[in-house]
Amino acid sequence: VLNDVGNNLDQLPILQHAMMRTWDAWHKKKKFAVPIDIEDYEKIGRMTTALSQHAEEAYAELTTDKQRLSCELMFKALTDKAADVRGIRRPTSIPDLARLSGSSNAEVMEIVEIFRKPGRTFLMPPPDVPLNDHSIIDISHESIMRIWDRLVKWIDEEAASAEVYLRISEASKLYKEGRTDLWRNPELAIGLKWYHANIPNAFWAGRYNQDFDQAIDFLLKSEARALELEKEKARAARFRKRVAIGAIIILSLIAIGAFISALLVNNARNEAKRQEGIAIENRVAAETAKIEADSSAARAVRAKVEADSSAARAVRAEKSAVKSAEEATIARDIALLAQEKAEKERQR
């Protein structure tokens, strides 16, 4: 535990709270023979998150969305980050908290009681001091503003909201003095987003300055002019659209006329080409007929030549046969002579 504390004296209230929570965690186990130990300390989140966990337990006891919203607005009212980036306390009366959160005094006191129960003194006065319509509510210690994660987020949101409001307020003063113009985007978009998200009122703004009405009037005038400019742009866009449509219609008619003319010219050209094609086909047919006639004549000539050639081959074959017969006769005579000669030689 001492290691978690270090040398930062600002941690002492957190140490006190963590030790109280450690005791409570050990006591709930009802095992009194077992001493308090590191397990009990770690169960409550150590010094790092013990306070945040405890505050979340209190926040979880709020039962309605209205209570949770009122709680958020109350804690935002009880803290101030403008003078110190770490945040400082801002004690506020119950009636003022009621006006700031949109609740009744009784509803505010009901929420306060949840956060100041015995052993849970996040808000002051202490639990033994009765609350009334004149009670001043305060955060018990600044450390809550730095350790409770939800409150840290709320404080940052409140600081950002105040910053946007003060920017609008400053711009409204300059506009009133004629030193600047109405807002345009993106400043206008930021301002309107802030206005619709936070729904501020003069009582809330009074914590920062008394120029709320002037600032909101400036913001709404800026919005009205922006809407008028949008209408002008819309009208101009519609006019341009009508002009464009008219131009498109005229161009379409011209294009259609050109298309029809081109179609007629193309049809005439196609017809001329068709007639030319027919003439070419006729010429080709005539040439083909002539070629076929010439081819028939050539075939007749070839047939005659082939017939003559066949006759000549028959004559040559006949002559060859005669010659072969003569040669055969001569060969036979030679053979007989040779035989006679051989017989004579044998007899001799």
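At roughly what angle do the axes of helix 5 and helix 7 cross? Roughly 80°, and those axes come within 10 Å. The axes here are lines fitted to C-alpha atoms, for helices over the stretch in contact, with angles from 0 to 180 degrees between N-to-C directions. Angles of 65 to 115 degrees count as roughly perpendicular, so helix 5 is roughly perpendicular to helix 7.

A quick word on the model. It's a predicted one, where local features need pLDDT of at least 70 and side-chain atom pairs count only at pLDDT 80 or more, while totals for chains, interfaces and linings use all residues. Residues are numbered from 1 along each chain, and side-chain values use heavy atoms, leaving out hydrogens and water. pLDDT is the predictor's confidence in each residue, from 0 to 100; the chain averages 88.

Helix 7 covers residues 105-115, and its Val108, Met109, Ile111, Val112, Ile114 and Phe115 are buried, meaning under 20% relative accessible area with a 1.4 Å probe, protein chains only. What covers them? Helix 4, helix 5, helix 6, strand 4 and strand 5 are included.

Now the other pair: helix 9 (residues 149-176) and helix 10 (residues 187-198) have axes that come within 10 Å and cross at roughly 125°. They're therefore oblique to each other.

Note on methods: Helices (H or I, at least four residues) and strands (E, at least two) are DSSP runs, numbered from the N terminus. Angles under 35 degrees count as roughly parallel, over 145 as roughly antiparallel, 65 to 115 as roughly perpendicular and the rest as oblique. Buried means under 20% relative accessible area, exposed over 50%, partly exposed in between (1.4 Å probe, protein chains only). Contact means heavy atoms within 4.5 Å.
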